Protein chains: 2
Amino acid sequence: MGKKCTGVEKTLAVVSGKWTSMILYHLYTNEKLRFGELRRALPGITQKMLTSDLRELEKHRIIERKVYPQVPPKVEYCITDHGKTLLPLLEQMDEWGDAHAQQTLDPSASTIHSI
Amino acid sequence: MGKKCTGVEKTLAVVSGKWTSMILYHLYTNEKLRFGELRRALPGITQKMLTSDLRELEKHRIIERKVYPQVPPKVEYCITDHGKTLLPLLEQMDEWGDAHAQQTLDPSASTIHSI
DNA sequence: CAGGATCCTGGGCGATACTG
DNA sequence: CAGTATCGCCCAGGATCCTG
């Protein structure tokens with residue numbers, strides 16, 4: 001990685017939102033979802049956070065927002081091709097995080113070092 | 001990735017600190033560094049943030065803290081073997097972030113979609 | 001030299017109410 | 001249905017001063 005880790009910070013700016021990865025997971029496994037469907041798929045999320053996280057992802061061109069001009073309103077969200085390039089990275093992060101959880105609770109891994 | 005993205009969140013808990021990736025970069029390219037060396041290597045960081053980020057990384061067993069009981073005090077930090085498993089992930093994040101920056105400023109990538 | 005103790009600020013996030 | 005608009009909390013992060 002580069003000395004200043006600017007890329008790392010840019011990536012974090014995209015994925016570090018509390019609900020971001022779960023939003024992307026659902027859009028990844030469902031191809032496209034409406035606002036209300038996403039809301040129901042994410043127990044605990046408020047409508048404000050869902051809206052702002054979706055706007056943020058849209059700003060970064062990770063997802064696409066399709067508005068159907070009708071009453072009642074209908075909006076669909078899906079991952080863009082560019083957004084799909086993020087999925088392997090999220091996959092890696094998920095795997096490392098789980099492996100890390102295993103590692104840190106493993107007593108045999110404790111390092112004894114003399115001072 | 002898993003439905004609940006618990007791994008992603010665990011990873012973020014480790015690497016999302018503002019200075020974390022740069023701390024690891026320097027410990028990766030330098031093998032071991034003293035507190036003051038790290039401080040000088042990271043222009044802009046405060047002593048408080050360096051201390052707390054180092055403590056956090058130590059808690060997760062990403063780095064090791066070696067205290068030499070002498071006056072004046074001497075403390076050395078280095079990456080653990082477990083911490084080294086994080087480096088490929090940071091590398092990926094750095095690459096994706098830079099590529100993403102390219103993508104988002106590329107005008108030809110703008111998607112025109114009818115509403 | 002390598003921190004500890006305090007105080008402070010911005011923004012991420014949540015709760016609630018309202019709307020085209 | 002798919003959002004806006006407010007209000008307020010919490011805490012990561014910064015500034016400053018102090019110490020074994």
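Helices and strands are here taken as DSSP runs, helices of at least four residues and strands of at least two, numbered from the N terminus. In this predicted model, four such elements each supply at least two residues of the surface near DNA strand C: α4 (47-59) of chain A, together with α3 (35-41), α4 (47-59) and β3 (74-79) of chain B. The largest contribution comes from α4(B), with four residues.

Phosphate oxygens of DNA strand C are approached by side chains of both protein chains. In chain B, an N or O atom in the side chain of B:R65 is 2.3 Å from a phosphate oxygen, and a polar side-chain atom of B:Y77 lies 2.5 Å from one. In chain A, the corresponding distance for the side chain of A:W19 is 3.2 Å.

Within chain B, α4(B) also packs against another helix. The axes of α2 (residues 20-30) and α4(B) come within 10 Å and cross at roughly 75°; α2(B) is therefore roughly perpendicular to α4(B). In this contact, B:T20, B:I23 and B:L24 of α2(B) meet B:L50, B:D53, B:L54 and B:L57 of α4(B). By class, the contact has five nonpolar residues, one polar and one charged.

Terms used. Residues are numbered from 1 along each chain as its sequence is written. Chains are lettered from A and ligands numbered from 1 in the order in which they are written. This is a predicted model: local features need pLDDT of at least 70, side-chain atom pairs count only at pLDDT 80 or more; totals for chains, interfaces and linings use all residues. Side-chain values use heavy atoms; hydrogens and water are left out. A polar contact is a pair of N or O atoms within 3.5 Å; within protein, one must be able to donate a hydrogen and the other to accept it, and residues adjacent in sequence count only if both atoms are side-chain atoms. Axes are lines fitted to C-alpha atoms, for helices over the stretch in contact, and angles run from 0 to 180 degrees between N-to-C directions. Angles under 35 degrees count as roughly parallel, over 145 as roughly antiparallel, 65 to 115 as roughly perpendicular and the rest as oblique. Contact means heavy atoms within 4.5 Å. Ala, Val, Leu, Ile, Met, Phe, Trp, Tyr, Cys and Pro count as nonpolar, Asp, Glu, Lys and Arg as charged, and the others, Gly among them, as polar.
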